[in-house]
Amino acid sequence: MTRTARLVSRLVEEAARPLGVERFGFCPLPALSGFLECRGKRLLPEAGGSAIVLLLPYHAGEFPGRNLARYALCDDYHVIAGDILQQIIAPLAGAFPGETFHPFADNSPIPEVEAGVLAGLGFAGRNGQLITPWYGSLAFVCEIVTTLDLPQTGPGSFPGCGDCRRCLDACPTGALSEDRLDKARCRSHITQKKGELTPWEREQVRAGGMAWGCDRCTDACPYNRGRPLTTIPAMRTGLEPVLTLENLSALAPRKSYGWRGEGVLRRNLSIINGG
Ligand code: B12
Ligand code: SF4
Ligand code: SF4
């Protein structure tokens, strides 16, 4: 590791650990196969640069009867992660005044599963997610994109999926196949769709019983069994496992699903309730 990389590593570790963030790695941007088309793309360095890829574990416990995806139970993770990333950036910006550091939490042009693999944080599972040795896939992938050129810290050596196909078998719509996800068939995507749903899509929401998201391929994965609760205090508090027509207006402004608008959530709830 270069001196710069060692210093970055130390500063990130010192800032991240007290916040409950314990795992990170480096992925040079030119190593990625491409970037996602989104507004954040213009914030990437013109050439070179790196992503400091961080894992934010979100497993907050078991909640029988929940109708929201696991990742959506705590308060808006974009806000929680944004705050954590800013606190990690502060010492980096102080140590490297000529360089830029930009936080990305989900609304990111970085293909985060690939970045996590290249940073050595896990492998790409057949369920399309980054499976890590510490949290399974129950961790958000976030990054700090910098103009600094940092050495790639992966891929690591992981056992991978092997012969397992549990997520494919558990997917109720056939959205997952051997090498891709058919977004149009994914219930997680359907619960986010605006406007009128087709009869088939409505049936998926009804049968899934979820007001937001789908965890079937996540929960089927043996790597997600018996995972410890999140080390991030803000992801263990304010948990709301059940969305109803009554609590929707109070919850939407502080939850990650609120960005989609109350109409989509109301529609999903009314389908689940037999409407
Ligand atoms: C768009 C999006 C979705 C869409 C479409 C997903 C898709 N794969 O096409 C929808 C709404 C369906 C979705 C659903 C979910 N998502 Co999503 N999603 C994203 C987002 C914003 C972009 C993904 C993308 O388009 N990648 C780029 C394209 C080119 O890649 P791709 O062709 O899909 O292939 C990539 C991966 O799929 C993966 N991969 C590698 N090998 C294989 C093999 C197979 C069989 C598959 C399916 C994929 C796969 O590596 C590829 C390169 O990155 C990312 C955040 C980000 N910026 O990356 C989060 C992200 C992938 N999602 C996340 C989560 C948590 C979910 C859900 C579990 C949420 C839920 N409970 O409802 C589900 C899981 C569905 C699933 N099985 O993938 C997390 C995953 C965390 C992790 N540990 O990996 C991410 C990383 C967000 C984050 N910041 O943490 N998502
Ligand atoms: S989130 Fe649900 S519908 Fe989408 S791929 Fe996973 S199991 Fe299938
Ligand atoms: S359920 Fe099995 S095949 Fe699917 S991601 Fe987990 S280990 Fe891989």
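Before anything else I wrote down the cut-off I would need: a residue is buried if 20 or more other C-beta atoms lie within 10 Å of its own, exposed if 12 or fewer, and partly exposed in between. I also noted that this is a predicted model.

**Entry: Thr-244**

Is Thr-244 buried or exposed? I found 12 C-beta neighbours inside 10 Å, so Thr-244 counts as exposed. I then looked up its place, which is in the loop between α7 (216-219) and α8 (248-251). I also checked Thr-244 against Glu-62: they are 182 residues apart in sequence, and their C-alpha atoms are 19 Å apart in space.

**Entry: the two domains**

I looked up how the chain is divided, and found domain 1 (3-146) and domain 2 (166-227 + 243-272). Taken over C-alpha atoms, their centres are separated by 23 Å. For the contact between them, I have 19 residues of domain 1 against 23 residues of domain 2. The side of domain 1 that touches domain 2 has 7 nonpolar, 8 polar and 4 charged residues.

**Entry: ligand 1**

Next I turned to ligand 1, which has 34 residues around it; Ala-124, Gly-128, Gln-129, Ser-188 and Gly-213 come nearest. The elements giving two or more residues to this shell are α3 (112-118), β6 (139-146), α5 (187-192) and α7. By class I noted 16 nonpolar, 10 polar and 8 charged residues in the shell around ligand 1.

**Entry: ligand 2**

Around ligand 2 I listed residues including Cys-171, Cys-186, Cys-214 and Cys-217, along with Arg-187, Ser-188 and Arg-216. I see that α5 and α7 each supply at least two residues of this shell. The shell around ligand 2 divides into 7 nonpolar, 2 polar and 2 charged residues.

**Entry: ligand 3**

Which residues are closest to ligand 3? I found Gly-125, Cys-161, Cys-164, Cys-167 and Cys-221, out of 13 residues that surround the ligand. Domain 1 and domain 2 each give at least three residues to the shell around ligand 3. Its classes are 8 nonpolar, 2 polar and 3 charged residues.

**Entry: helix α1**

I checked the length of α1 (residues 3-16) first: at 1.5 Å a residue, its 14 residues should span 20 Å, and the end C-alpha atoms are 20 Å apart, which agrees. Then I looked at its faces. Val-8, Val-12 and Ala-16 are buried. They cover an arc of only 45° around the axis, which puts them on the same side of α1. On the other side, Arg-3, Arg-6, Arg-10 and Glu-14 are exposed. The buried residues of α1 pack against β1 (23-28), β2 (50-57) and α2 (77-95).

**Entry: helix α6**

My last stop was α6 (residues 199-208), where Gln-204, Val-205 and Gly-208 are buried. Seen down the axis, the buried residues of α6 fall within an arc of 95°, so they line one face of the helix. They pack against α5 and α9 (262-272). After α6 comes Gly-209, for which I noted a positive phi, near 65°.

Methods:
Residues are numbered from 1 along each chain as its sequence is written. Chains are lettered from A and ligands numbered from 1 in the order in which they are written. This is a predicted model: local features need pLDDT of at least 70, side-chain atom pairs count only at pLDDT 80 or more; totals for chains, interfaces and linings use all residues. A residue is near a molecule or strand if its C-beta atom, placed from the backbone, lies within 6 Å of it. Ala, Val, Leu, Ile, Met, Phe, Trp, Tyr, Cys and Pro count as nonpolar, Asp, Glu, Lys and Arg as charged, and the others, Gly among them, as polar. Domain bounds come from an automatic or database domain assignment. Helices (H or I, at least four residues) and strands (E, at least two) are DSSP runs, numbered from the N terminus. The expected span of a helix is 1.5 Å times one less than its number of residues. The arc is that of the directions from the helix axis to the C-beta atoms. Two residues are in contact if their C-beta atoms, placed from the backbone, lie within 7 Å.
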